[in-house]
Amino acid sequence: MKRTLAAGLTALCAAAALTACSGRGDTATAAGGCDPGITDTEIHFGTSLVQSIAGPQATAASALFDEINAAGGVAMGDGKSRKIVYTALDDGYDPARTVGNVRSLVEQQQVFAIQNLIGTASTLAVVDYLTQKNVPLVFPMTGTDELLTTLDERPVVAGAVNPQTGWEVAERAKQILRDHPQGKVAVLYSNDSLGNGSLDALKSALDGSGTQIVAEQSYEQTTPSVDSQVVNLASSGADVFVNFATAGFVTQSLKKAHELSWKPETYIYSGATDTNFVLAPAGLDAAEGVHSFYWIYDVSSTDHDQVPGVQEWRAFAGRHAGAFKSSDTIAATGHNTAQLLVAALEQMKGCTRADLLDSVRNLHAVTTDLSIDGVTFDTSADYPYAITSMAPMTFRDGSWHYDAVVTRSADR
């Protein structure tokens with residue numbers, strides 16, 4: 001069921017540190033057996049992100065919380081309505097700054113939980129600290145398998161809003177084996193948990209098949225360019241390009257492959273599919289025919305404006321036109337994750353951090369305004385990811401086109 005949001009907006013705090021303006025008290029203190037960061041009238045969340053890129057993500061979330069607060073707050077599962085206090089700090093996508101920000105949010109601002117951290121490196125930089133402090137990390141933006149393999153040691157993580165790497169790669173491998181059973185595969189990947197995990201999963205999925213990995217090139221996240229890696233991959237004779245690179249490196253690699261007139265069938269990581277910030281800078285011709293997966297509609301395109309949820313998004317963005325555009329895909333991502341948080345709060349039965357984790361781990365058939373038709377968000381106690389269904393998609397004529405949704409089996 002699509003969520004209906006209350007209207008009414010207070011002014012946004014549009015600084016590097018964003019705080020939902022309405023409902024903010026001086027402190028959030030424990031009371032009545034509750035954990036710090038929640039009172040009978042407020043609940044306080046914090047996040048850390050790269051403001052220069054992901055700022056609209058926090059701005060859209062803050063705008064949604066302001067609307068809800070203006071209407072009286074979230075009607076939570078314990079019978080009390082609470083206003084959401086939301087603080088977003090800038091870390092410049094530097095994990096060391098993420099650590100400092102998260103410590104400040106936990107120890108000085110006493111947030112109830114950390115919500116929607118961006119990136120694998122940032123998430124892994126703070127997860128052990130949050131485990132030590134017993135502070136939930138909900139809806140982090142990463143799909144690294146490490147969250148699953150270390151869940152027993154890091155039980156504070158829930159609802160990650162990227163697909164689990166191993167599952168996404170397995171679905172990609174199915175496509176490759178179906179369409180290129182004798183394919184020659186070239187792989188670009190980052191030398192970190194996400195990239196190495198993705199490569200290992202692909203090798204495992206293709207093992208024993210007629211499809212062979214004939215070239216692989218890694219890069220460091222600090223490198224200025226992956227052009228030389230793409231030149232090497234192109235010279236391998238591969239007719240399939242599996243591109244596990246992130247964001248700007250996908251832009252570079254697509255552009256370089258196009259310059260080299262290398263035209264393999266290309267599959268890119270779902271976390272690097274943004275039309276505005278990843279594909280368009282490469283050139284739409286360079287991105288033509290690229291395949292990936294996603295779970296919410298691409299709002300940079302008007303192709304799905306007839307969908308009621310997309311219309312809800314357009315109306316919401318219109319009410320905040322001075323803060324972000326309705327075509328802003330990053331803002332749309334922030335809005336989507338904020339709606340997931342609200343869904344969890346609505347069924348949260350108590351006022352402890354354990355209650356929040358229990359609720360985030362028990363989302364069933366939840367949809368949001370922008371979820372692609374057929375996609376639902378489902379969670380469980382033993383699987384710390386919220387993306388359990390997603391649509392295969394292909395970029396054609398300047399926009400993404402979606403195929404039938406695939407759903408992860410609980411038996412995996």
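Mentor: On a 1 Å grid over the protein atoms alone, a cavity is a set of points where a 1.4 Å probe fits but cannot get out, and lining residues have an atom within 4 Å of a point. Points are joined across faces, edges and corners, and a volume is the space filled by probe spheres set on them. Bear in mind that this is a predicted model: local features need pLDDT of at least 70, side-chain atom pairs count only at pLDDT 80 or more, and totals for chains, interfaces and linings use all residues. Residues are numbered from 1 along each chain as its sequence is written, and side-chain values use heavy atoms, with hydrogens and water left out.

Trainee: Okay, how much space lies in the second largest cavity?

Mentor: Its lining includes Pro163, Arg172, Phe244 and Tyr269. Helix α5 (165-179) gives the most to that lining, with four residues (helices are DSSP runs of H or I, at least four residues, strands are E, at least two, numbered from the N terminus). The space in the second largest cavity comes to about 40 Å³.

Trainee: And which element gives the most to the lining of the largest cavity?

Mentor: That cavity holds about 60 Å³. Among its lining residues are Thr333, Asn336 and Thr337, and helix α12 spans residues 329-346. With three residues, the top contributor to the largest cavity's lining is α12.

Trainee: What about open space: how many charged residues are in the lining of the largest pocket?

Mentor: A pocket is an open set of grid points with protein on both sides within 12 Å along at least five of seven lines. The largest one has about 1100 Å³ of space, and Tyr93, Ile118, Thr246, Ala247 and Gly271 lie nearest its centre, out of 48 lining residues. Ala, Val, Leu, Ile, Met, Phe, Trp, Tyr, Cys and Pro count as nonpolar, Asp, Glu, Lys and Arg as charged, and the others, Gly among them, as polar. That sorts the lining into 27 nonpolar, 18 polar and, for charged residues, three.

Trainee: Now the packing: which residues touch the most other members of the largest nonpolar core?

Mentor: A nonpolar core is a set of buried Ala, Val, Leu, Ile, Met, Phe, Trp, Tyr and Cys residues joined through side-chain atoms within 4.5 Å. The largest has 112 residues, with α12 giving the most, nine residues. Leu345, for one, touches Ile43, Val74, Met76 and Leu356, among others (contact means heavy atoms within 4.5 Å). The residues you asked about are Phe45, Ile114, Leu130 and Leu345.

Trainee: Why is α1 called largely enclosed by the rest of the structure?

Mentor: Buried means under 20% relative accessible area, exposed over 50%, partly exposed in between, using a 1.4 Å probe and protein chains only. Helix α1 covers residues 51-70. It is largely enclosed because the buried share of its 20 residues is 16.

Trainee: Last one: is Thr98 buried or exposed?

Mentor: Thr98 is found in helix α2, residues 95-108. Leaving out residues up to four places away in sequence, Thr98 touches Ser48, Asp91, Leu117, Ser122 and Val126. Its relative accessibility is 0%, so Thr98 counts as buried.
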